[in-house]
Amino acid sequence: MARTKVSQTRSSASRGGIRKRTAAVRTDRDGDLDMAGPDRGRGGKRGRGRSGQPQARDGLRSNLNQDRIRKAVEGGDASTQATFRQTGNKPQLEEISITGWKSSKAASNADGGVRSTVDWLERKIPSTKPGRKNIIKHRVEGDEIIVSIRPEILEKMLHLNKFTFAGATLTVEKYDTPSTEDMKGRLKAFLGNRFIASGKILNLQGLATDPILREIGLFRSPTTESKFYQALMKVWSLEFPTQLASQEAVANLSLANNALSNIQPITTLSQNFPSLKALDLSGNNFQDEKGLSGWRWKFRQLEFLDLSNNPISSTPNFKETMMKWYPKLKTLNNVQVRTDEEVAAQSRAPIPVQAPFFQDEGSIAENFIRKFFLGFDSDRNATINAYYDSSSTFSYNINTAAPRAAQDSAATSGWDNWIKNSRNLKKINHLAARMNRMFVGAENIRQMWNSMPKTQHPGIDQPTQWLFECHLIPCLPDVTGQSSSGVGGLLIMIHGQFDELAGTKVETRSFDRTFILGPSSGPESVRVISDMLTLRAYGGSSAWDAGVQMMPPPAATAQPVHPEAPQGYGAPAPGKSDIQVQQEQLILQLSFNTKLKLEFAQQALVQHNWNMEGALKAFEESKANNQIPAEAWVVV
């Protein structure tokens, strides 16, 4: 998509889409905004004007909107709000700005000297009543301390201007903030300069230098800066008849040159404009993908992204990461990364998938799968008795960042029933918390399962809703101690979906579940060594939609235990990476096929970049030429 240029200033003639709306502001007897609307009599009924005609409801809507804007700008925390409320007959509090305190000796205190400065100001002004404080509350905005005081001591407080505190000269002056109606008007004027309806362009670049925003002081501190975007979007949404119209009005958004290092202040823009096609973030300070992670999987229609003049553009895998996050992205940093044909092809097959691999032994894995999910849905206690013992482990985690299926994109899947025991090792750093979310032993697993919501999995005979893979694992630890070289087992990986039955509500989830199975003397002759479950919002089954998958016939025989392999060789274990496990399994496979010792099998694979076909071909050639030394062979 060709990028639409965004200019920094627009004439008033280009202010399409921003409509003027006026309404009188009413207050109740305490001075608060009247939430009951204009001219309402007792009982909240709408009154009539002097003409005798019913009054319009615009006053109610205006007052509600003003209150929302006020809260967005000032925040909900009483310690950081500007004072808008008056109570009873008490006059409104005054606000005073104090600067220069950062140069004082008190600046070396843990809080930078804020508390010491406020206490000093309090002591300098005698209280009008015993035990009554003059400074009601305070907040910090950049280099300023803003204090709210009683109006009767305003002159006395201003008299402290140029006084010396802890070696520093303070500047004490009145702090003026625009009224809610004034703020709304200025933000509307700002949007009028920055929105071009014909091109669906919203230009929010270089905000700190905008004269309107500088005048109202919205970029004097990080606190007010973060609240600016919330207030701006409140005003924006009021200018459109529906939320959909508000969202569709913008296709091109520029946030260039705003010194942004993360999207925390602007994260809600992905909700305001979910269908963006072009996003300009150039000239900011994004260091790596963590600063943008909140927008991962957002903006699913994004075609143009500019992150030039940001440190992130120089990081490894930058291009690959952005293309993964935004599947329709065509232009990145003004360079084409996908063609229209590639985007179209990707939408038909979003993930290239290899055929599933299912290597079973005596139908053990197939029988386990068929029985397990029926039992998990209908009788979890019996399933635990059949497959789990005192050393079995179970854990689960929730993947909230996974993309949803297109038909489910508007749904809001709650995780209240799951989040407490989710074991996400990327977020849980404390050892005790990690261990508490690993359930060891049949009884602990039973207790966990019985606290989980009821589920209903589809039938195994519905192949489009499942993906099964199974691999043989040699040299698993033998819990009976009878085999020092370990026993054979199965690694089963399953991807699918189920319905969560919570009361009358049915929520469809996607899941991934990985089992490690070993032999057992129990009723099913198989035990679950490890059971790991990952839950996701429903994401469909397009990843394995290439063809119908049926449960393959069982393999002929299991691989024997390798006489040279140490215990646990080729099996997952704590501290062992996935790559190491895969390499050990390739070494075992080559050794079984060639009768080479593990050391020589590894050398052959390393020489051929871990390519099994190349290593086998080289082995056959060396064997035919009698080039394999006698010490390379396994002694049986």
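The structure holds zero disulfides, a disulfide being a pair of cysteine sulfur atoms within 2.5 Å.

Residues are numbered from 1 along each chain as its sequence is written, and side-chain values use heavy atoms, leaving out hydrogens and water.

Now for the sheet. Four strands make an open sheet, ordered β2-β3-β1-β6, with antiparallel pairing. Strands are DSSP runs (E, at least two residues; helices are H or I, at least four), numbered from the N terminus, and two of them pair if DSSP finds at least two bridges between them. At the edges sit β2 (135-141) and β6 (171-174), each pairing on one side only. From one strand to the next, the twist averages 25 degrees, with angles running from 0 to 180 degrees between N-to-C directions of axes fitted to C-alpha atoms, for helices over the stretch in contact.

Six bridges join β2 to the antiparallel β3 (residues 144-149), and E141 stands opposite E144 in β3. Helix α2 (residues 114-124) lies across β1 (94-99), β2 and β3, at about 145 degrees to β2.

How far does confidence go? The protein chain averages a pLDDT of 76, and 75% of the residues score at least 70; pLDDT is the predictor's confidence in each residue, from 0 to 100. It stays under 50 over residues 546-559, for which the model has 25 contacts beyond four places in sequence, contact meaning heavy atoms within 4.5 Å. Where pLDDT is low, the predicted coordinates should not be read in detail.

Note on methods
This is a predicted model: local features need pLDDT of at least 70, side-chain atom pairs count only at pLDDT 80 or more; totals for chains, interfaces and linings use all residues.
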